[in-house]
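Me: I would like to learn how to read a few local features. Please take me through them one at a time.

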Amino acid sequence: MTAKPRIARSTPLGEVAMDIFSSGLEAVDPKAAILRTLSLDGARLSIDRGDGDHRQFEVGPDGAFDDVLVLGAGKASARMCQAVESVLGELVSGGLVVVKDGHSVPTDRVEVVEASHPVPDERGMAASKRILDLADSAGERTLIIVLISGGGSALLPLPAEGITLAEKQAVTDRMLSAGADIGEMNAVRKHLSAIKGGMLARHAAPATVLSLILSDVVGDRLDVIASGPTVPDESTFATALDVFRRRGLTEELPEAVRRRLEAGERGDVRETPKRGESCFDKGEIILVGTNRVALQACFERARALGWNSLILASTIEGETRDVARMHSAIVKEIKATNAPISVPACIISGGETTVTIRGNGK
């Protein structure tokens, strides 16, 4: 990353804050994150796992893989795809990624389609079906690169058998209104889906699946990001039902949704793939960008500008109004006591807060 110039001490605080914030965004730029992770030397594709650890794949007619298929979902997946194509070029056989409306970018060998987010629509369902069909068509000599970023869960809304898209939309909308967090949302989504919760990996077997993931969730839990289409699912049908029970929403569930979840809890419906299932044996999962990476970049930029800096936390959750009050209290403490750091101070925090709707808000 090119070093940014210093800015004058007289610069308005709002501009300073935006300069620091933009440093965090640049650190997790989708294209840059992929280019840091992938490199090609002849027909040898190298994957940087971090800390100097690499895995290599021989691709092309004389390698272990005849085909490289790119699949993906999320608001940043098209930009991630651009980076993959810039590395692999004509070695990419084809593929499909689905993005939020307005997030398409030009690609050469992989198709990009748009769909609705955060409430899923028919376009997302059609794209999900096509992605699953492509995974089903892959063989043992296919390398599937799966690109996942924030929004991927809503953009892969392929309902499980017996569930309609309208029913999934109603459930999603009601959970959003109730202030459900991302973990709760995805535990439910995975158990109403034909593609999430490791199901894409189950369909892709016996192909090798390389998942490149740009995290948008607190704690970077792989089974939560985009509802984990290529990773073992840690949640169960019982987990999903418990979300509705704790939030008092059970009676508002569509009948077909309730029947499926209760049947799954009884063991009458097959669970999502769990750790140890053979479909994960040849998989590789790389986190290419996280909240912590962004916060560290903000921290370093603030220090370079002469601010005493502190990363408060990368896992902040809760009601937005409550978190805002907490940050305000910390600011007052710093001004009064120069603790936990002294002025000039820059407090940096990250996570995902939620808003419970009261009345007719959004």
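Me: Which residues is Glu319 in contact with, leaving aside its neighbours within four places in sequence?

Reply: Contact means heavy atoms within 4.5 Å. On that basis, with those neighbours left out, Glu319 touches Thr354, Val355 and Thr356. A caution on sources: this is a predicted model, where local features need pLDDT of at least 70, side-chain atom pairs count only at pLDDT 80 or more, and totals for chains, interfaces and linings use all residues. Residues are numbered from 1 along each chain as its sequence is written, and side-chain values use heavy atoms, with hydrogens and water left out.

Me: Is Glu319 buried or exposed?

Reply: Buried means under 20% relative accessible area, exposed over 50%, partly exposed in between (1.4 Å probe, protein chains only). Glu319 has 19%, so it is buried. Glu319 lies in strand S10. Strands (E, at least two residues) and helices (H or I, at least four) are DSSP runs, numbered from the N terminus.

Me: What covers the buried residues of H10?

Reply: The cover includes H1, strand S10 (308-319) and strand S11 (345-354). The buried residues of H10 are Ala294, Leu295, Ala297, Cys298, Phe299, Arg301 and Ala302.

Me: Where is Met18 found, and why does it count as exposed?

Reply: Met18 is in helix H1 (residues 13-27). Met18 counts as exposed because its relative accessibility is 52%.
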